[in-house]
Amino acid sequence: MKQVKIQIPSLVENIRVVESFIDNSKDTFHIEDDIYGNIMVAVTEAVNNAIRHGNKFDKDKNVYLSLFVEQDKVKFEIEDEGSGFDYTNLIDPTAPENLENPGGRGIFLIRHLADEVEFHKDGRNVQLTFLLPAPSESESAINGAETTSH
């Protein structure tokens, strides 16, 4: 398993650093375009939540981002230095009474984009797993059909 870690101060402008980290990881570990978009949105949203809600924009607190790469999956781990939150009792952003709310969709979005989402350390640590297509699947996706030998 390959592993890469970075740590950033809790400033919203550091989302750019996270985007670069994901771009570099895509190239280094040959992550397919079709899951790259999901990774970019889900991981930047999780880091944004860590900065905004976890560390409450305290630049003296850090967000830790780790990437673990295995043959069949990539896992991103995002951890903040805040007090955590009750991730088991979140409002449903799709409920009619919540549709007009300006926030509250981040974790809902993350759960729909990642293949697995796990919370640890009272919600201060979130792990997002994205399954990688098997080589034969990605080959047929590139060709747009089943691969045939010539």
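How many bridges join β3 to β5, and in which sense do the two strands run? Seven bridges join them, and the strands run antiparallel. The model examined here is predicted.

The protein chain holds four helices and five strands. From the N terminus on, the order of elements is β-α-α-β-β-α-β-β-α. Of its 150 residues, 39% count as buried. The chain exposes about 9,100 Å². Carbon and sulfur atoms supply 48% of that area. Contacts between residues at least 6 apart in sequence were also examined: 61% of them join residues at least 24 apart.

The five strands form an open sheet. Their order is β1-β2-β3-β5-β4, with antiparallel pairing. β1 (2–9) and β4 are the edge strands, and each pairs on one side only. On average, neighbouring strands of the sheet are turned by 15° against each other, direction ignored.

The individual pairings can be followed across the sheet. β1 and β2 run antiparallel and are joined by eight bridges. In this pairing, P9 has N62 of β2 as its bridge partner. β2 and β3 also pair in the antiparallel sense, over six bridges. These two strands form a hairpin, with three residues between them. L67 stands opposite F76 of β3.

α2 lies across β1, β2, β3 and β5. Its direction is at about 180° to that of β5. Helix α3 (residues 106–113) touches β4 and β5. The direction of α3 makes about 130° with that of β4.

Nonpolar side chains tend to be buried together in soluble globular proteins. In this model, the largest nonpolar core has 32 residues. V43, F76, I78, L128 and F130 touch the most other members. α1 (15–29), α2, β2, β3, α3 and β5 each give two or more residues to this core. The most come from α2, which gives nine residues.

β3 is mostly covered: five of its seven residues are buried. The contacts of F76 illustrate its surroundings. Leaving aside neighbours within four places in sequence, F76 is in contact with F21, I22, I39 and V43, among others. Further contacts of F76 include L65, S66 and L67. V126, Q127, L128 and F130 are also in contact with F76.

Is K75 buried or partly exposed? K75 counts as partly exposed, because its relative accessibility is 23% and the buried class ends under 20%. Not counting residues up to four places away in sequence, K75 touches S66, L67, F68, E118, Q127, L128 and T129. With one of these residues, Q127, there is a polar contact between side chains, at 3.4 Å. K75 and E116 are 41 residues apart along the chain. Their C-alpha atoms are separated by 9.0 Å.

F57 is not a glycine, yet has a positive phi of about 60°. F57 is placed in the loop between α2 (33–54) and β2 (62–69). Its relative accessibility is 42%, so F57 counts as partly exposed. D122 also has a positive phi, near 55°, in a residue other than glycine. D122 lies in the loop between β4 (116–120) and β5 (125–131). At 57% relative accessibility, D122 counts as exposed, because the exposed class begins over 50%.

Key: Residues numbered from 1 in each chain as written. Predicted model: local features only at pLDDT ≥ 70, side-chain atom pairs only at ≥ 80, totals over all residues. Heavy atoms only, no water. Buried < 20%, exposed > 50% of the residue type's maximum accessible area, 1.4 Å probe, protein only. Contact = heavy atoms within 4.5 Å. Polar contact = N/O pair within 3.5 Å; in protein donor to acceptor, adjacent residues only side chain to side chain. Pairing = 2+ DSSP bridges. Axes fitted to C-alpha atoms, helices over the stretch in contact; angles between N-to-C directions. Core = buried A, V, L, I, M, F, W, Y, C linked by side-chain atoms within 4.5 Å. Areas by Shrake-Rupley, 256 points an atom, 1.4 Å probe, with all protein chains shown as cover.
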